[in-house]
There are 2 protein chains.
Amino acid sequence: MNSQHQNIAVLQSGGCTPVINESLWAVVSASRTNFPTSDVYGVLRGVEGLISGNVSRLTNVSEESWQRVRHTPGSALGSTRKKLSDADMDQLFATIEMLKVGYLFLIGGNDTADTTEKISRAGKISGIPLNVIHIPKTIDNDLVETDHSPGYGSAARFIALATMGSGQDALSMGNASPITVIEVMGRDAGWLAMASGLGKRSDQDPPHFIGIPEVPIDQASFIDVMSYAYRQFGYAVAVISENCRGPKGVLGPNVEPLLVDEFGHGYYESPAKYLSKLLSESLNIRVRYEYPGTIQRTFIENISTTDRNEAQMVGISASKAALEGRTDCMVTLLRDPEAPYRCKTGLVSVDLVANRVATVPVQYRIPDTNLPTKSFNKYAAPLIGDSLPDFFRF
Amino acid sequence: MNSQHQNIAVLQSGGCTPVINESLWAVVSASRTNFPTSDVYGVLRGVEGLISGNVSRLTNVSEESWQRVRHTPGSALGSTRKKLSDADMDQLFATIEMLKVGYLFLIGGNDTADTTEKISRAGKISGIPLNVIHIPKTIDNDLVETDHSPGYGSAARFIALATMGSGQDALSMGNASPITVIEVMGRDAGWLAMASGLGKRSDQDPPHFIGIPEVPIDQASFIDVMSYAYRQFGYAVAVISENCRGPKGVLGPNVEPLLVDEFGHGYYESPAKYLSKLLSESLNIRVRYEYPGTIQRTFIENISTTDRNEAQMVGISASKAALEGRTDCMVTLLRDPEAPYRCKTGLVSVDLVANRVATVPVQYRIPDTNLPTKSFNKYAAPLIGDSLPDFFRF
């Protein structure tokens, strides 16, 4: 390590989680102890800030401000969906040189693993001494090589409670609005949609159908499952992942995406809206459509305590890994195979993570409905923190 | 009072609130003390249950079950949107006679005031001794003659936090998705939409525009306000009430409602969806649309403590009013004009409430944007319970 490059920079990237700022606080706090003579910079708007030199010196931020940051949703440094190109590298390394950064932490998801790898490779080629460490975060839980990802537990808790509540509402309202379709996030994997089943204790409880990106939805079968639940229980709830596919691509009126971002991810007209209309016409009853959108990843009064702890753990571990001279790696969560639930952190080479997606395995879901199996509940229940309420009605 | 008619019946009606079951528990608990020799019946599905004789005897429900009921969203007895007709009265009174009901409590909103009045009038004409008391509940806060209504404070808290969180997300994501339009409930009045401004401490904070049913939205002015905020702050958030009108009726692609219920209330394609599309096309950027739907009235981990207390108070007061022989009235909340915030309960004749709507007064909103004034904050802040978080970002 070139002693001229001893400063620290941290950035946040991609979609927000409600605990992404806990990881930020943790990595900065730990680094102030681990690297007592270094300056710490927050890079604003992810790699955009590295390219433009837009940074904020965090070394003297007050403890009171940090306590507020920890409980602020969204990315306190600002985020980006920019895909790093080779042409950006010169400017990016100019910022690194200018700030004498020797340790770069990137808090993000799959796309960030790709970015981490690119920066690390370019640094090696240019001979610039730089340790690059990826701190995982995603509400989608689709990072590979880790038991789960910080951010998922809190969003999963929101979806579980939202489904329980919406189900009680539909059940209460009876024929005035007996069916609800909820659309949740999860671009390539159904982990969040699956979490909607964590409060389900009996066949009657919601949800009655889960749509996940892993399994194309057969419309006739969807209508069958939902109308059966409606006839049986007087109401029905379906939870559908964004971008759910039918036999011909993403479900909906249009086969083409409305928008494609720099990473090539398409954004479509809502498949849940499409399915709710289909169901309403087929059964000739009112079908509610609910779309919590970013509320599911920013609702700060509903955080999983496990998730908050682990978001902190991965930040602390990243700083420790930097101190040990590790680079080009991502912090992982490793679950103790013995009960009770416990996790420790590990490290994995970031090239094993970049551009890969962890999907929901077959043994976690029941065929036809995709309702969670007991194995899924065992996996996910500890991640959402306190146990879910147990409702009672007459 | 005919001594043969000493039993008690309670029903729930209309849209659910997260504390409607607190009022149910309170009126039943208080009545078991006030009327120790009476039976208490829960009427299932509102007046539908009175007509069909579908009731559940609540006298021996365990305390443990009641504790779960109190923390269950939706209506524990089931609700209805049925409008009572003259033809229903014979069957309805047959149930009342059969159960020897002398005291009927109806937990509900404006439509329930209408139902209360009709039952009371029919009872008097038939010479059946019946005290009929309306316990207020509505997340819309549109009941007249009361300072505010139980149910509003909790839903308002949800909307305030959802807006703060969504705003942080839009601000974090920058140009990847800088504008958010949130559609909230509030059929005829903008109280809930106004609550989205309770966490706004500066011009930069969300929301930047509020659409309320009281004021038709001028589309050009809406685009102006939102694009100004976007240019100024790098992001913008609008909160739009369902059924917001434009110059020609409810905003959207269709002038006609998708559905009209028995009370003549129309349900329209989303005006917020329409406005988000308009804004996206006009500014040529991604505009998010969020629609929390029934989640805003069922999210049980986000209850206002004030709201829960007051939902309990109105239930207890209703039972006391019955003991005093009062009938044909609604319990109200009367705010102490002196600080600190305090409410006591009162009683008002139900014919002053039925078929009337409390709208948001002019002095509570700023022209053009409908953002809340200090007077509105003073009115609404105590109702949402604990103070809202104060975020910090770099």
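A salt bridge, as the term is used here, is a side-chain nitrogen of Lys or Arg within 4 Å of a carboxyl oxygen of Asp or Glu. In this predicted model, local features need pLDDT of at least 70 and side-chain atom pairs count only at pLDDT 80 or more, whereas totals for chains, interfaces and linings use all residues. Residues are numbered from 1 along each chain as its sequence is written, chains are lettered from A in the order in which they are written, and side-chain values use heavy atoms, with hydrogens and water left out.

The side chains of Asp390(B) and Arg68(A) form one such salt bridge, at 3.5 Å from N to O, and across the interface of chain B and chain A the rule finds six salt bridges. The side of chain B that touches chain A draws at least two residues from each of α3 (63–70), α6 (152–173) and β13 (287–290) of chain B, with helices (H or I, at least four residues) and strands (E, at least two) taken as DSSP runs numbered from the N terminus. The most comes from α6(B), with eleven residues.

| Interface of chain B and chain A | Value |
|---|---|
| Residues of chain B in contact with chain A (heavy atoms within 4.5 Å) | 62 residues |
| Residues of chain A in contact with chain B | 62 residues |

Phe392(B) lies in the segment after α11 (374–380) of chain B. Leaving aside neighbours within four places in sequence, Phe392(B) is in contact with Ser65(A), Arg68(A), Val69(A), Thr72(A) and Ala76(A). Because its relative accessibility is 21%, Phe392(B) counts as partly exposed, a class between buried (under 20% relative accessible area) and exposed (over 50%), with a 1.4 Å probe and protein chains only.
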